[in-house]
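Thank you all for coming.

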4 protein chains.
Amino acid sequence: MGTFDIQILGIGSIPSPLNLNEVQGDQVFTYVSDDQRILLDTSLKRYQKAKDHDEPPLSLERAGPREKIYFNPDETSAAIVTCGGLCPGVNNVIRSVVMGLHYFYGVKRILGIPYGYEGFIPSFGHDFVDLTPEHVKDIHEFGGTILGSSRGGQSVEAMADTIERENINLIFAIGGDGTLKGAREIGAELLQRGANAVVAGIPKTIDNDINLMERSFGYETAFNVANPIIRDAHNEARGAYNGISIIKLMGRDSGFIAASAALSMPVVNFVLIPEMDFSLRGDQGFLQCLKDRLDNRKHAVIVVAEGAGQNLFEGAEKQKDASGNVLHNDIGLLLKSKVDEYFKSIGYRVTIKYLDPSYIIRSAPANANDSIFASRLAHHAVHGAMAGKTNFVVGLINGRFAYFPISTVANQRQKIDLNGDLWFSVLQSTGQPFVMK
Amino acid sequence: MGTFDIQILGIGSIPSPLNLNEVQGDQVFTYVSDDQRILLDTSLKRYQKAKDHDEPPLSLERAGPREKIYFNPDETSAAIVTCGGLCPGVNNVIRSVVMGLHYFYGVKRILGIPYGYEGFIPSFGHDFVDLTPEHVKDIHEFGGTILGSSRGGQSVEAMADTIERENINLIFAIGGDGTLKGAREIGAELLQRGANAVVAGIPKTIDNDINLMERSFGYETAFNVANPIIRDAHNEARGAYNGISIIKLMGRDSGFIAASAALSMPVVNFVLIPEMDFSLRGDQGFLQCLKDRLDNRKHAVIVVAEGAGQNLFEGAEKQKDASGNVLHNDIGLLLKSKVDEYFKSIGYRVTIKYLDPSYIIRSAPANANDSIFASRLAHHAVHGAMAGKTNFVVGLINGRFAYFPISTVANQRQKIDLNGDLWFSVLQSTGQPFVMK
Amino acid sequence: MGTFDIQILGIGSIPSPLNLNEVQGDQVFTYVSDDQRILLDTSLKRYQKAKDHDEPPLSLERAGPREKIYFNPDETSAAIVTCGGLCPGVNNVIRSVVMGLHYFYGVKRILGIPYGYEGFIPSFGHDFVDLTPEHVKDIHEFGGTILGSSRGGQSVEAMADTIERENINLIFAIGGDGTLKGAREIGAELLQRGANAVVAGIPKTIDNDINLMERSFGYETAFNVANPIIRDAHNEARGAYNGISIIKLMGRDSGFIAASAALSMPVVNFVLIPEMDFSLRGDQGFLQCLKDRLDNRKHAVIVVAEGAGQNLFEGAEKQKDASGNVLHNDIGLLLKSKVDEYFKSIGYRVTIKYLDPSYIIRSAPANANDSIFASRLAHHAVHGAMAGKTNFVVGLINGRFAYFPISTVANQRQKIDLNGDLWFSVLQSTGQPFVMK
Amino acid sequence: MGTFDIQILGIGSIPSPLNLNEVQGDQVFTYVSDDQRILLDTSLKRYQKAKDHDEPPLSLERAGPREKIYFNPDETSAAIVTCGGLCPGVNNVIRSVVMGLHYFYGVKRILGIPYGYEGFIPSFGHDFVDLTPEHVKDIHEFGGTILGSSRGGQSVEAMADTIERENINLIFAIGGDGTLKGAREIGAELLQRGANAVVAGIPKTIDNDINLMERSFGYETAFNVANPIIRDAHNEARGAYNGISIIKLMGRDSGFIAASAALSMPVVNFVLIPEMDFSLRGDQGFLQCLKDRLDNRKHAVIVVAEGAGQNLFEGAEKQKDASGNVLHNDIGLLLKSKVDEYFKSIGYRVTIKYLDPSYIIRSAPANANDSIFASRLAHHAVHGAMAGKTNFVVGLINGRFAYFPISTVANQRQKIDLNGDLWFSVLQSTGQPFVMK
């Protein structure tokens, strides 16, 4: 169980200003204690196995306000930083961190760090932004991040220097894999220096690929925005004889957006995701399957995740973005040209439409459900940080908010299980073969 | 564990036409066996308690396709019936039941029962509708139900007569509490008659108040549609000096829609739900709290669930609708008049706007996430029914689809725990006092 | 032609800072001169009649920037006031007046008058708001009015006193009939006092009933928002046996919103508007027509404008709102009860759903087309006011922006011509009889 | 005036089944006679010039139902064909032509021609579709065209052969420039053959570039759909240091969509359209202007019409699509690379996001206002065709529906007047210089 323990800066001794109590059933929320834990695995078999072998099952610390807090609000300063690509809900998180710190705990000095980790480095010359309730009250209406973002890391030492110099005690880092790794390094550095500062992460990945977590904010908005785009791409396909619409969606390493978008708008005939192997040519290959579909129905709709089919780029060089993410070769355009080439080669008339709505999706404002989720994540990050916890992220596990050590989530990506329920639903909905190769 | 066992008409002996296998990791989904079960409670404490006292924990049968099915598709007929009030996603369920029966299992005779349980009673004179993939392919784009609906029960004997006379083997009942009770009675009657027929329920309640289930389809769409309405009601409130907007939302016995809608659009100052007690008058009463808000900010937004504040209707008679649901007195209009009366009585100028968007919400098409959810529920209902299971409903528990005996979900309503996380989030977001009385 | 002449405070002598020129075809806009005029009537017959009798046709002064302006921007202050009910686009108008004054002409002191004409009266104690580009840059994203509004007039003398005391030179009044009458009185009073101040009106009426003008801002958004509500109300109607949906839309004296909303969503069977007479009972009455529809199709959708059927309230007292508008009796609820009563009386089973989305519609943000329109009206108001014109409003006539004397538009309401094209289109689309009485 | 006369197959002698009358003011629409005409030019100056020189002004025949019709509905067959690229509203036109023919006039045989003009050519092997009210009643909910479309012309003789062989009397052609030219040729051929058939066009161009007409259906929906995409692209730009968003919108020869979309979402800083000349380099060139913007505000939003800046492709070959439209080189990607190149060359850090939402826009369903417009165009086309008119299109002129000879609209494209009101509004809204070269 050790690997899921949360580090703390020190044991809280200050009574929480939330004024809750320990009374059950009085209509007043009860403080959460550190020993309330949530099981990771909910299958009866795993429970029985744990019981039979007396192996305690894996569990996570439940998130929520603690009775004693570590930081004295009057003397506490906070900073919020947003990194990496846009994702619906970032402004909701910022807003709720500010509101939570200000109204729940009375922390009044809250700094917005501009343009990601860069903003901590003086030489970039970016000015901090003072974040107040007045400043943030309407920002949930907008996509993007009011703080600006950037990719890539910065010197951990230089960032820690700024944090110490500016007397920042709470750092809220909103970002993906790379950002969280950076956050952990900053947190470790601060601990080592004996700085009076903690680091809390709010995982941001539109791809829904945070390890262990059932959901990341922005992901649902993503396939919700993609939904009518697919509906209309279907109309494009039907509007031409043997019309083919190819929609490229986000999903560098995991195909969750593609899978869910296709499930939500059941006009899709093929979903191609990074987790699956497929061939283009051959009797069972994708192109033959596509031709069969056209023979039968005269139109087809294909959803392809950006990271799918990387095996098709043999010999091509791999590039990385500033955050160190491998930049995949563009499967969308490749697929388009391969489809075109194939049907030309067999003298089969088709019309191909290619759609790449990525920026439209990631810059959209959060939908209602993601707004709630982003807001609740933010509140729980505030509760954890005020209690002195550090190097943790907030997430959802089996319907409950919990604290995860950053190390458990930032090392591995969540992927679609090709043997699992979700993918089977996709195959049932599309009618595509289990295997195309 | 007995209470969560699913009844079956007979053990399946026909190999499933799905052609899945038992191989793990081959990218082909593996049949689900009846002994795969999901824990209900995921707290570590409950695990330890169960272990210490050797009490097996409560668990539910995992949903999914079985290796052997009970019904021979060639000789099987199905019927779909939709009852009660509208809810986003009903057409998605209908569509996916039809597609699942037709394409997965090869069941070709699928009848749509018009106007709810009435449609089973010949004297109403409604004609059955033949449901084919061609007929249902676009219906997910529309709110409502293409089959029509009605409230209230019908003679169980007469319905069973029709089912037997028409050689219907699979009955899919989409409806709420009352509908599911009716479905259980039909199922029991058919079992007793020795009819070759099973009954599967797909729980429909926009209020999200199905016992044990973490989510019902249509509920998320409901607060998603309410979200911009609240945003604009906020503009109405701000548009007048001491402007007050009161938005009545659905929620007869449970305030989930009101709570989630308010959380999703953080401009709401007060949420009133059926689960809570509150007083209007008095130093700590709602009206005083409202006045305090106006003193400070010159406008206020109130979300009230339709079933809230029933204690305010002392002496008024209770009425029931055709389904036997208690018809609550209209809290929205009462609240409006009480607010008006109060501020007039103290010579305090206010402008009140009252919004009741109920029909706009319930007749909307499902959003992307509900579309997926409705579709997957339908597929799992098909798998269960084809395997010969009866008197069951499909639902989600800790992120997994499971089969629940109808009896476990139709007797009690899920409610918001006033001591719990969700309600605490609402109080944090709105700033409203824990108790107003 | 005299009646359409615009009053001016004085002939402009200051070269416009816009730096346009008089060169045609150089890709630089050319100043508009006062003698550019637009014909009101575009029928060839009217031309021939005018020609034969040497009667000059009616025409209006074209709106746009003048080469010489009257006010010296450095010494000019402006005020913006919004009155009456909400309407989509008010914030767009405010934003564009501010941007136009600030960036085109360099007027830097712009005051927002809070809560309508009240804001001019010191005893109400409202503080002016300083309007800058920074302050207004995002407000077009929101419905409502950031300035607040109120109904009803105030003392013209007291308002003029404030205007003089505060050295306000340009007053932009955004409002309906009553507001424009008030604006004209203020303008007249200022002229009489010899004040260095002009009054420009931007007509606001969601009902599209401004005399002479082909369109008012917010109106198109209104029926655009109503469109899916009607679609879903249709689903409600189809969801029940003999289901009837009644949707009440805005339209106190003119049925434009009801007519256009019904035309835009061709599932409506009856449209009832203030302009038409109809009876409920009788062989040709509305109720009989409704029954015929149900006999044939088992459901019906009715759109009713709030001011329709006032003859049905014989004997009921007329009330007025604070703006002096006659408050109509609620036709929606009356209709609902009459329909219910009638079908009960003949033992005919129906289910009635009643929707009143008024506040949802009027508080919505402007759609794209209204955003453009609101913005262009605002710019033209700024051009006119800077040129010293007063007691005018801006509007569209035959596709061109023009200046209208307030007196020509504020005395009479535009109505749907029951003999005209638009109404005929409604009858064609719905299939409703020409006359129901 | 001759050039605007409409050809007729023969003078109508059959009383219209619409049963209207000639009584004014009876609440029943009055038949329109051929001598009701609408002026093209509405300026007073043009009127005076016409009058002084006794030159009758240009005018168009008013659209609407005629008292006598030419075709006997019982013996009349109609065909509908849709050609060219998708455009919001095509299904609304199809629906309203069918409803108008069926319900107004009683024409029961209505054929849908599949995949554009191809559908008339037997060798393609496409089957006609029977269009009935039941078949088309819900199609307005969907983008695209239920008939399918294709580009390019077919043999006029072969098409006329099919028309004669199938006894088709009314041909409704929905398409752009090329389609209308084709329609005119078919119409001429049919006239020459003495066939009992007329051709009516409903102009379709999302670009709004039909000569003489103030509006084409789908155009407003186009910029309405582009509106939030631009809003979110603005968030993308703000989300990065010196972030630049480039949005490519449709507009092959005319920049109406780009101009209107930018006006409707006033966060755009530069609009580049086909009508304007601009240079990239140089002190006054676009790149310098862009750098100035970034220096001041750290982000920029650029909207570029697909046909803009063709002078930048010197030496590149011109290609044509199957309809004969010149295929422009892709200015969007060129601009992106030029911007990137420039800022790299001066060592100025920027982040560029490129959005091309074309297919998302053109396949969207029509918004409310376009739905009305498409429907009314269709009704007027039906009225005209039934009256025996041929080789005409329906359009709007100064707020009135009129009939235009195809020849007057298909030879020249409407363009934005760079000296005119609309473009000036764009420059005012964006703050971009009049000239960038």
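Chain A has 13 helices and 19 strands, where helices (H or I, at least four residues) and strands (E, at least two) are DSSP runs numbered from the N terminus. The radius of gyration of chain A is 24 Å, close to the 22 Å that the globule rule gives for 437 residues, so chain A is as compact as a globular protein of that length; the radius is taken over C-alpha atoms, and the rule is 2.2 Å times the number of residues to the power 0.38.

Before I go further, please keep in mind that this is a predicted model, in which local features need pLDDT of at least 70 and side-chain atom pairs count only at pLDDT 80 or more, while totals for chains, interfaces and linings use all residues. Residues are numbered from 1 along each chain as its sequence is written, and chains are lettered from A and ligands numbered from 1 in the order in which they are written.

Staying with chain A, its C-alpha atoms fill a box of roughly 75 × 60 × 40 Å along the principal axes. Buried residues make up 60% of the 437 residues in chain A; a residue is buried if 20 or more other C-beta atoms lie within 10 Å of its own, exposed if 12 or fewer, and partly exposed in between, with C-beta atoms placed from the backbone. Two residues are in contact if their C-beta atoms, again placed from the backbone, lie within 7 Å, and among contacts in chain A between residues at least 6 apart in sequence, 77% join residues at least 24 apart.

Let me turn to a strand in chain D. Strand β6 of chain D, residues 77-82, is mostly covered, with five of its six residues buried. Which strands does β6(D) pair with? Two strands pair if DSSP finds at least two bridges between them, and β6(D) is joined in the parallel sense over five bridges to β7(D), residues 109-113, with D:Val81 standing opposite D:Ile113. Between these two strands the chain passes through helix α2 of chain D, residues 90-105, and this β-α-β crossover is right-handed; that is, with the strands pointing away from the viewer, the path from the first strand over the helix to the second runs clockwise. Five bridges also join β6(D) to β9(D), residues 170-175, and this pair too runs parallel, with D:Phe172 as the bridge partner of D:Ile80.

Six of its six residues are buried, so β18(B) is largely enclosed by the rest of the structure. Both of its faces are covered, by which I mean that B:Phe392, B:Val394 and B:Leu396 on one side, and B:Val393, B:Gly395 and B:Ile397 on the other, are all buried. β18(B) pairs in the parallel sense over two bridges with β10(B), residues 198-203, where B:Gly201 has B:Val393 as its bridge partner.

B:Lys298, although not a glycine, has a positive phi of about 70 degrees, and it lies in the loop between α8 (286-297) and β13 (299-305) of chain B. In chain D, the phi of D:Asn391 is near 55 degrees, and D:Asn391 sits in the loop between β17 (389-390) and β18 (392-397). Buried or partly exposed: how do the two count? B:Lys298 has 18 C-beta neighbours inside 10 Å and counts as partly exposed, whereas D:Asn391, with 24, counts as buried.

Finally, the contact between chains C and D. Here 50 residues of chain C are in contact with 50 residues of chain D, and the largest share of the side of chain C that touches chain D, seven residues, comes from α11(C).
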